[in-house]
Amino acid sequence: LGRHRGQVEPTGFDYNGVHFGQDTFHLFAGLCAVDNPANTERMMAALHEQGLQATRMGAYKPRTSPYDFQGHGAECLPYVFELAGKYGIRVVAMEVTEARHIEEIQTELDRAGSPTGVMLQVGTRNAQNFELLKEVGSQTRFPVLYKRGFGITLEESLNACEYIAASGNRNVVFCLRGVKSHMGAPHRNLVDFAHVPVVKRLTRMPVCVDPSHSVGNRERSPDGLLEVQHAAGQGLIAGANMVLADFHPEPERALVDGPQALHLEELPYFRQDLAIIEEAY
Ligand code: PEP
């Protein structure tokens, strides 16, 4: 990934007709957890209306409590991929927690005959699950979205990405999603988006930010902007190439992370704000 042996290589990669690089920008708005076909279709239709080509959709949800909703898993993949294809979504970011999930995704994509592609997400809880990193790295059909570990150093997270690359897959996006802080915070995690230029300096990976999991709420600041929107803007100003953002048609009824999901009606404004910042910087 450009860290070792001092390689000077072009940044980025193409996947399913979309380019990901240190000089491109993509918004991945979507459902933190897929709950039902109706909400999935509302989400996809809204993305299509905004001319967006990518989304985030959680099928396999690693949860802190075993009693919380764990995601529909493979069961929801047929309608997720069918609807993504119907609405022209080219890339779906989807977390996987074990090798079996990669197989299930591959099988369902083939079965659906969908033109949609998947970016495999490695979540923060699996940031140093070296066996999983080797699994997503030893297949090259899907690119990987690696989420920084919330309790390890940046260096350790960058090394985890080297596991993916060393296994054969160099199509990796690095995602900052906030880190745990012992000081408590008004936000779910301490926002770490000042590290965007650091990751770009140290590696050739495109860099993503996840303001939803960083901020963790839907609070509005006195200037009228949502705090999630502020964080997304900060990430973009710092040079982020991707923004991952949770939306839901009815956040109050979302099965996972409802408090941080933005209302779907807010998507056009959220997108507009990012477009203005992108143009200005
Ligand atoms: C997610 O993106 O759905 C998620 C669980 O993120 P993280 O692994 O960063 O907590």
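## Residue L47

Leaving aside neighbours within four places in sequence, L47 contacts A29, L52, T55, Y87 and I89, a contact being two C-beta atoms, placed from the backbone, within 7 Å. L47 lies in helix α1; helices are DSSP runs of H or I with at least four residues, numbered from the N terminus. L47 is buried, because 25 other C-beta atoms lie within 10 Å (buried: 20 or more other C-beta atoms within 10 Å of its own). Between L47 and Q272 there are 225 residues in sequence and 13 Å in space, C-alpha to C-alpha.

## Basis of the model

The model is predicted: local features need pLDDT of at least 70 and side-chain atom pairs count only at pLDDT 80 or more, whereas totals for chains, interfaces and linings use all residues. Residues are numbered from 1 along each chain as its sequence is written.

## Packing of α1 and α2

Helix α1 (residues 37-49) packs with helix α2 (residues 77-86) at an angle of about 25 degrees, the axes being 10 Å apart. The two helices are therefore roughly parallel (angles under 35 degrees). P37, T40, E41 and M44 of α1 meet Y79, V80, L83 and A84 of α2. By class, this contact comprises 6 nonpolar, 1 polar and 1 charged residues (Ala, Val, Leu, Ile, Met, Phe, Trp, Tyr, Cys and Pro count as nonpolar, Asp, Glu, Lys and Arg as charged, and the others, Gly among them, as polar).

## Ligand shell

Around the ligand are C32, G58, E95, G123, T124, R125, K147, R177, D210 and H213, each with its C-beta atom, placed from the backbone, within 6 Å of the ligand. This shell divides into 1 nonpolar, 4 polar and 5 charged residues.

Key:
Axes fitted to C-alpha atoms, helices over the stretch in contact; angles between N-to-C directions. Parallel < 35°, antiparallel > 145°, perpendicular 65-115°, else oblique. Buried ≥ 20, exposed ≤ 12 C-beta atoms within 10 Å, placed from the backbone.
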